[in-house]
Amino acid sequence: MLDAPVRARLLPVLDVGARWLVRAGVPSLGLTVAGLLVAIGAAVAAAFGLWLLALGLWLVSRLMDGLDGPVARAGGRASAFGGWADFSADMAAYGAFVVGCALGNRSAMIACLVLLLTYYVNGGSLLAYSAAADRAGVAPPDGRTFHFTRGLAEGTETIVAHSLMVLFPAWMAGIAWVFAGMVTITILQRVHLARTTLPSTSPTAPSGR
């Protein structure tokens, strides 16, 4: 829901930082891997109940994640592999952080497990839609590797939700339940999008069917 306007506002700033990083010789894939490692560090901190450290590391990891794409484009090295690596690292970072929160706050474990389930279904539905849309010739909404469809819960909302979970650990279960509901709505939005944008019959199907 917020990704498009946030990207529009932040992209000029990120592009400036990206040009500086390119001049410094920082590779985009290195940023992707570093961001994942920092996110795993945030998850470990959360698992030990070090909430403020977890918050700081989480936000740093998301900054790195926001920079790897602009660095790739600024260096003329944007690629499908880079897009795949970025998405895979994001999914690993999101999952690891929620696991860390569950270990650090056992009272929120069930809510975190349900949230993980919605992440699994949401990520799978996004990949399935992206592959089907490519095959059907549906134009992607932006220049990124996958068809990142609009929805109630996107990357920006995930960053905020995870930040709130460690900033207010006493409310972690409630925050996780609410966000799991938002992700579920996003899944349903993608189901509707798939039903309305993807062809329901094969072009080679018999005409009498």
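This is a predicted model: local features need pLDDT of at least 70, side-chain atom pairs count only at pLDDT 80 or more; totals for chains, interfaces and linings use all residues.
Which residues are linked in a network of salt bridges?

**Entry 1: the salt bridges**

I found that Arg62, Asp65 and Asp90 are linked in such a network. The structure holds two salt bridges. I looked at each in turn.

Arg62 pairs with Asp65, and their closest N and O atoms are 3.6 Å apart. Both residues sit in helix α3, three residues apart, which is about one turn of the helix. I noted the helix geometry here: an α-helix has 3.6 residues a turn, so residues three or four places apart point the same way.

Asp90 pairs with Arg62, with the closest N and O atoms 3.1 Å apart. This pair links distant parts of the chain: Asp90 is in helix α4 and Arg62 in helix α3, 28 residues apart.

I then checked burial. Are these residues buried or exposed? Arg62 is buried, at a relative accessible area of 7%. Asp90 has 11% relative accessibility, so I count Asp90 as buried. Asp65 comes out at 19%. The cut-off for buried is under 20%, so Asp65 counts as buried too.

**Entry 2: around Asp65**

I stayed with Asp65, which has its place in helix α3, residues 51-74. What does Asp65 touch, not counting residues up to four places away in sequence? I found Asp86 and Asp90 on that list. Asp90 is also the residue that forms a salt bridge with Arg62.

**Entry 3: the cysteines**

The structure holds zero. Cys101 is in no disulfide, and the nearest cysteine sulfur, that of Cys112, is 5.7 Å away. A disulfide needs cysteine sulfur atoms within 2.5 Å.

I also checked how covered these cysteines are. Cys101 is buried, with a relative accessible area of 0%. Cys112 is buried as well, at 1%.

**Entry 4: helix α5**

Helix α5 covers residues 109-136, 28 residues in total. How far apart are its end C-alpha atoms? I read 40 Å. At 1.5 Å a residue the helix should span 40 Å, so the two values agree.

Then I looked at what follows the helix. Gly137 comes after α5, and its phi is positive, near 80°.

**Entry 5: the nonpolar patch**

I turned to the surface. Which residues form a nonpolar patch there? I found Leu29, Val33, Leu37, Ile40, Val44, Phe48, Leu50, Leu53, Phe81 and Trp84. Together they have about 1000 Å² of accessible area. The elements giving two or more residues to the patch are α2 (28-47) and α4 (80-104). Helix α2 gives the largest share, five residues.

Val33 lies in helix α2. Its relative accessible area is 43%, so Val33 is partly exposed. Exposed would need over 50%.

**Entry 6: the whole protein**

From the N terminus on, the elements run α-α-α-α-α-α-α.

The protein has 209 residues, and buried residues make up 37% of them. The link between Asp90 and Arg62, 28 residues apart, joins helix α4 to helix α3.

Last, I looked up the accessible surface. The total is about 11400 Å². Carbon and sulfur atoms own 70% of that area.

Methods:
Residues are numbered from 1 along each chain as its sequence is written. Side-chain values use heavy atoms; hydrogens and water are left out. Patches are made of residues with over 30% relative accessible area and no salt bridge: like charges are joined within 9 Å, nonpolar side chains (Val, Leu, Ile, Met, Phe, Trp, Tyr) within 5 Å. Accessible areas come from the Shrake-Rupley method with a 1.4 Å probe; for residues, only the protein chains shown count as cover. A salt bridge is a side-chain nitrogen of Lys or Arg within 4 Å of a carboxyl oxygen of Asp or Glu. Helices (H or I, at least four residues) and strands (E, at least two) are DSSP runs, numbered from the N terminus. Buried means under 20% relative accessible area, exposed over 50%, partly exposed in between (1.4 Å probe, protein chains only). The expected span of a helix is 1.5 Å times one less than its number of residues. Contact means heavy atoms within 4.5 Å.
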